[in-house]
Protein chains: 2
Amino acid sequence: MRASQFHLFTLKEAPSDAEVVSQKLMLRAGMIRKVAAGIYNYMPMGLRSIRKVEAIIRDELDRAGAMEVVMPIVQPAELWQETGRWDKMGPEMLRFKDRHDRDFAMQPTSEEVVTDIARQELKSYRQLPKNFYQIQTKFRDERRPRFGVMRGREFVMKDAYSFDRDAEAAGRSYDNMYATYCRIFDRIGLEYRAVAADTGAIGGDRSHEFQVIADTGEDAIVYCPDSDYAANIELAEALALQAVRGEARVALEKTPTPGKATCADVADLLQVGLDTTVKSLVLASDETDDKGEVVKTTLWLLLVRGDHSLNEVKAGKIEGLGSDFRFATETEIIEHFGCKPGYLGPIGLRKPVRVVADRSVANMADFICGANEEDFHYTGVNWGRDLPEPDFVADIRNVVEGDPSPDGKGVLAIQRGIEVGHVFYLGNKYSKAMNASFLDIDGKPKHFEMGCYGIGVTRIIGAAIEQNHDERGIIWPAAIAPFEVVICGVGWGKSELVRDEATRLYETLKSAGIDVILDDRDERPGVMFADWELIGVPHRVTIGDRGLKEGMVEYQTRRDGEQHKLAPADIAAHVIAQLRA
Amino acid sequence: MRASQFHLFTLKEAPSDAEVVSQKLMLRAGMIRKVAAGIYNYMPMGLRSIRKVEAIIRDELDRAGAMEVVMPIVQPAELWQETGRWDKMGPEMLRFKDRHDRDFAMQPTSEEVVTDIARQELKSYRQLPKNFYQIQTKFRDERRPRFGVMRGREFVMKDAYSFDRDAEAAGRSYDNMYATYCRIFDRIGLEYRAVAADTGAIGGDRSHEFQVIADTGEDAIVYCPDSDYAANIELAEALALQAVRGEARVALEKTPTPGKATCADVADLLQVGLDTTVKSLVLASDETDDKGEVVKTTLWLLLVRGDHSLNEVKAGKIEGLGSDFRFATETEIIEHFGCKPGYLGPIGLRKPVRVVADRSVANMADFICGANEEDFHYTGVNWGRDLPEPDFVADIRNVVEGDPSPDGKGVLAIQRGIEVGHVFYLGNKYSKAMNASFLDIDGKPKHFEMGCYGIGVTRIIGAAIEQNHDERGIIWPAAIAPFEVVICGVGWGKSELVRDEATRLYETLKSAGIDVILDDRDERPGVMFADWELIGVPHRVTIGDRGLKEGMVEYQTRRDGEQHKLAPADIAAHVIAQLRA
């Protein structure tokens with residue numbers, strides 16, 4: 001490609017509503033252009049990278065035996081009603097009526113449609129395993145779309161769905177996809193981590209997120225540097241920090257803590273460590289009747305150490321509380337504790353409340369907690385002596401750096417990540433709801449065991465940039481760069497020598513199958529260099545009249561910026577060697 | 001690909017709601033599966049052909065210098081309001097509100113979005129010409145979706161948009177796209193015709209449809225076998241069938257024609273040729289005030305020969321009538337003609353009506369027309385003598401086979417076609433409405449001259465099948481067949497010889513870059529052959545144990561069905577030669 005023939009459009013400044021670096025750089029490099037909130041044009045420069053990501057994904061999925069299909073963007077309500085998701089999905093799922101007043105949704109994902117395919121076309125165990133995938137536009141009507149392609153409304157996703165005879169075979173399909181995802185992200189050239197993730201209502205341990213490591217990532221990922229352990233923070237298990245409960249040493253005392261409504265303030269006031277305090281959080285679970293009216297509300301007091309934070313996903317797994325919990329209202333709290341939030345604790349409850357202690361709290365002795373009286377805390381609190389044992393002991397907190405690894409092989413570290421892929425074992429949740437079955441070898445119908453596997457195609461582009469950039473612009477991994485090599489012809493208009501030499505190199509690299517762009521725009525070197533550093537092309541060759549007369553051209557990589565002078569005769573071989581390294 | 005690994009799913013019978021042959025065969029061959037009216041899954045078999053069509057289109061557009069982008073499926077109302085199309089487009093454009101109650105539409109096409117790109121990113125004449133294209137999902141909420149992918153609601157379209165400095169440059173862009181389209185359809189391997197089409201409000205002669213020839217086509221296309229002339233029937237010019245008006249020979253007479261309300265019945269009754277009769281059609285044009293209230297209605301009497309039919313597109317071009325005309329109501333007709341339809345004519349009008357004679361009617365003598373009295377016609381009617389000359393003489397009829405070609409080089413023929421592509425010169429209609437301009441060489445802003453160019457990607461698949469099929473199934477052109485070659489291993493399970501020989505051939509063809517499928521399903525020959533004839537793979541090699549022992553394998557093409565016996569050592573070279581022929 002010659003730059004003069006391409007649509008090259010860069011900006012000195014990103015639009016003022018751009019928030020994160022990948023969004024700013026994609027807008028500045030002319031990769032995307034905003035059409036509406038969370039809705040973008042993919043411009044020629046951006047589409048080149050997207051197509052490369054898609055090609056790698058397609059290649060690896062085909063290799064893994066998955067079969068490409070395309071399911072519609074506009075899907076009828078009837079299928080979504082079969083699984084109950086028509087009602088369950090929030091406003092993220094955009095719903096509308098067609099001209100005949102029939103209900104449709106724009107696909108946020110395609111479990112229903114693919115399960116409908118399976119129940120019609122997969123009749124026998126002989127046809128299994130099967131894995132259908134599509135690389136297709138999705139729409140999720142995010143309340144607050146932002147961060148460019150990282151949390152857009154219209155985006156490109158690869159979604160795959162496997163169908164198997166039984167859980168064991170489904171496990172093999174899962175492992176196959178897990179390995180395929182590793183190959184995909186290896187080929188794309190990103191630093192990533194596969195982390196165990198929560199399986200929600202499905203249960204089991206078969207859910208992994210693929211996280212691109214980036215300081216700006218929205219997700220916290222937990223790993224053990226000394227072992228294979230990795231999980232997202234929702235799932236990462238927090239062990240008790242003391243194996244057994246300490247002995248009571250001091251007496252219970254009600255201590256004035258006027259105006260000190262947080263653990264940190266209390267610890268400051270009392271000159272003790274934050275890890276001797278206990279935080280009280282009040283949740284509520286409602287029981288409803290057939291009509292959805294609340295008939296009974298139970299309050300739950302959750303206790304975590306002052307320096308820890310509640311993990312709501314873990315809390316949702318407490319028997320009887322469940323994931324539908326809500327935070328209690330101030331009225332409910334006053335009714336049960338006789339006190340406003342800030343001074344709550346497990347001693348002297350006015351009305352029955354279920355007490356849940358985090359594992360670490362359950363083993364604390366001589367701790368500090370609210371006295372259920374404004375401006376007072378208890379110190380020297382001990383389980384059994386000052387209050388009954390908690391109703392439940394459970395892992396309800398987020399792990400922190402330095403916690404022991406659940407596999408016993410060291411301590412945990414935390415880094416930030418951007419979720420770009422997810423593999424998930426679905427079991428027969430959808431096949432059962434939609435009565436999708438096949439005839440097994442024994443002649444009996446069985447529901448498919450399913451898995452689903454997503455990759456955010458356009459999000460990968462954003463994540464790659466969040467991970468790889470500097471103050472001058474993007475630094476692409478070569479596999480998904482819009483171009484692998486740029487040849488800058490300095491003084492293009494004036495020097496025939498430059499034009500000849502640059503064109504010769506361009507043709508040589510093109511014949512070698514390299515994705516090269518020749519900058520023949522006759523711009524000043526500064527303008528050219530700034531453009532290509534912003535765009536982030538990994539390899540640059542600069543050819544100028546003066547250099548040529550001295551028998552050399554200049555080679556530079558975007559990442560390290562080091563300049564090398566080479567003879568024109570050697571440059572093609574050098575660039576090719578770099579790319580194949 | 002091995003058939004045992006592929007998702008092969010054929011049906012003996014098409015679902016009962018399938019109407020046309022391409023739809024039936026695509027469903028039976030497992031290429032598509034219906035999700036809702038006009039909405040389909042593209043299954044692995046179908047997607048293979050679609051991807052091949054897309055690849056050819058992409059390759060030729062890139063070669064022609066067009067630049068690929070992807071514009072969103074969900075587009076904001078604001079852009080469509082700028083051109084007035086938000087209100088103008090009918091219910092085919094699906095509109096909806098997002099969760100924040102903002103108006104959006106699903107793109108039926110993307111002139112507005114691409115013009116918005118141009119006005120933001122094309123600032124100078126130096127950036128021109130530019131041509132942006134996308135291969136993207138479109139949605140048109142057809143009132144009665146049908147014929148499978150031929151008139152679906154969700155479909156894949158390639159749309160391209162060119163931007164130029166002036167009309168002359170835009171003409172070059174148009175010619176470039178016209179030539180590119182010819183290359184695309186040549187490569188796909190379809191019999192097609194590029195025909196001139198109506199330009200509607202834009203005017204000029206810059207609009208061509210690309211029609212795939214098929215007896216089942218919805219469009220009538222007109223061409224001259226002795227010249228280059230080709231146009232769709234809406235546009236094809238009908239010359240006067242007599243160069244000058246004949247002389248009046250007989251007297252005007254009011255003839256009873258009881259119950260004979262059509263020209264054919266009257267000609268039968270009077271034992272004359274249908275070409276001596278004149279058909280009367282009554283149209284109405286309404287003038288409205290600012291509020292859209294009708295303030296004046298004019299009636300128009302259009303006269304075409306009894307054996308001709310009215311061309312409404314041509315009628316819409318009559319000065320004063322315009323394309324917004326409607327057919328007059330019976331009440332209006334009785335008020336103006338004093339008679340019900342069936343016996344109308346241009347003699348003795350009760351109220352003023354504008355009379356438009358088709359060119360051929362204007363040159364008729366001694367003709368027959370209604371007498372504006374039930375059960376009576378006039379015979380021996382002559383212009384000037386029996387009634388005033390018509391107010392307008394114009395080409396208002398559809399041409400028929402045998403009409404003189406407008407280029408004077410022979411007579412016209414008509415065939416049926418399926419529109420799969422359209423190139424259209426837009427002028428500055430959109431750039432003006434959206435104030436999209438660039439700075440020209442003289443430093444002054446100018447509106448872009450635009451063209452738009454569409455190809456119905458999924459429709460091509462349907463059209464290819466309508467053109468190429470027989471009673472056994474599809475007959476693919478090799479370039480877009482799901483597979484180019486199928487190797488049927490007969491007695492797969494029993495014969496190692498068959499497995500070895502078939503696998504060897506499969507590997508050889510694969511290495512030669514041929515898209516080959518190996519049928520290793522261990523099915524009976526009849527089942528295999530029926531499947532592959534239905535699916536339409538152009539080349540088949542059958543390898544069986546008995547044949548191998550006699551030193552031969554069987555080669556057959558899908559189109560002619562002739563069987564050839566070849567030595568196993570020769571078969572690979574033979575197949576490759578056939579495909580490269």
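**Briefing: chains A and B, interface and selected residues**

A:Asp307 is partly exposed, with a relative accessible area of 32%; here buried means under 20% relative accessible area, exposed over 50% and partly exposed in between, using a 1.4 Å probe and protein chains only. The structure is a predicted model, in which local features need pLDDT of at least 70, side-chain atom pairs count only at pLDDT 80 or more, and totals for chains, interfaces and linings use all residues. Residues are numbered from 1 along each chain as its sequence is written, chains are lettered from A and ligands numbered from 1 in the order in which they are written, and side-chain values use heavy atoms, with hydrogens and water left out.

**Salt bridges within chains**

- A:Asp307 pairs with A:Arg305 in a salt bridge whose closest N and O atoms are 2.8 Å apart; the term denotes a side-chain nitrogen of Lys or Arg within 4 Å of a carboxyl oxygen of Asp or Glu.
- A:Arg305 counts as buried, at 12% relative accessibility.
- In chain B, a salt bridge of 2.8 Å (N to O) links the side chains of B:Glu332 and B:Arg326. B:Glu332 is buried at 14% relative accessible area, whereas B:Arg326 is partly exposed at 27%.
- One network, joined by salt bridges that share partners, takes in A:Asp470, A:Glu471, A:Arg472, A:Glu533, A:Arg540 and A:Arg558.
- A:Asp116 and A:Arg119 also form a salt bridge, with 3.0 Å between their closest N and O atoms. Both residues belong to helix H5 of chain A and are three residues apart, about one turn of the helix. Helices (H or I, at least four residues) and strands (E, at least two) are DSSP runs numbered from the N terminus.
- A:Asp116 is buried at 10% relative accessibility, while A:Arg119 is partly exposed at 23%.
- The search of the whole structure finds 98 salt bridges over all chains.

**Overall features of chain A**

- Chain A contains 16 helices and 31 strands, and its C-alpha trace spans about 90 × 70 × 50 Å along the principal axes.
- Of the 581 residues in chain A, 57% are buried.
- Among contacts in chain A (heavy atoms within 4.5 Å) with a separation of 6 or more, 69% join residues 24 or more positions apart.

**Interface of chain A and chain B**

- The interface brings 52 residues of chain A into contact with 52 residues of chain B.
- The two chains bury about 4,700 Å² between them, 59% of it on carbon and sulfur atoms; buried area is the accessible area (1.4 Å probe) that two parts lose on being put together, summed over both.
- A:His7, A:Arg99 and A:Glu121 supply 15% of the area that chain A buries against chain B, more than any other three residues.
- Eight salt bridges cross this interface, including a 3.0 Å (N to O) pairing of the side chains of A:Glu92 and B:Arg99.
- Several elements of chain A each supply at least two residues to the side that touches chain B, among them helix H2 (44-63), helix H5 (111-121) and strand E7 (130-139). E7(A) gives the most, with five residues.

- B:His7 lies in the segment before helix H1 (21-28) of chain B and is buried, with a relative accessible area of 3%.
- The side chains of B:His7 and A:Glu121 are joined by a polar contact of 2.6 Å.
- Not counting residues up to four places away in sequence, the residues that B:His7 touches include A:Met67, A:Leu122, A:Phe132 and B:Met43.

**Buried loop residues**

- B:Asp403 sits in the loop between strand E20 (392-394) and strand E21 (413-427) of chain B and is buried at 4% relative accessible area.
- A polar atom of the B:Asp403 side chain lies 2.9 Å from the backbone nitrogen of B:Val400.
- A:Ala238 is in the loop between strand E12 (230-232) and strand E13 (253-256) of chain A, buried at 1% relative accessible area.
- The C-alpha atoms of A:Ala238 and A:Asp358 are separated by 9.2 Å, although the residues are 120 apart along the chain.

Technical notes. A polar contact is a pair of N or O atoms within 3.5 Å; within protein, one must be able to donate a hydrogen and the other to accept it, and residues adjacent in sequence count only if both atoms are side-chain atoms.
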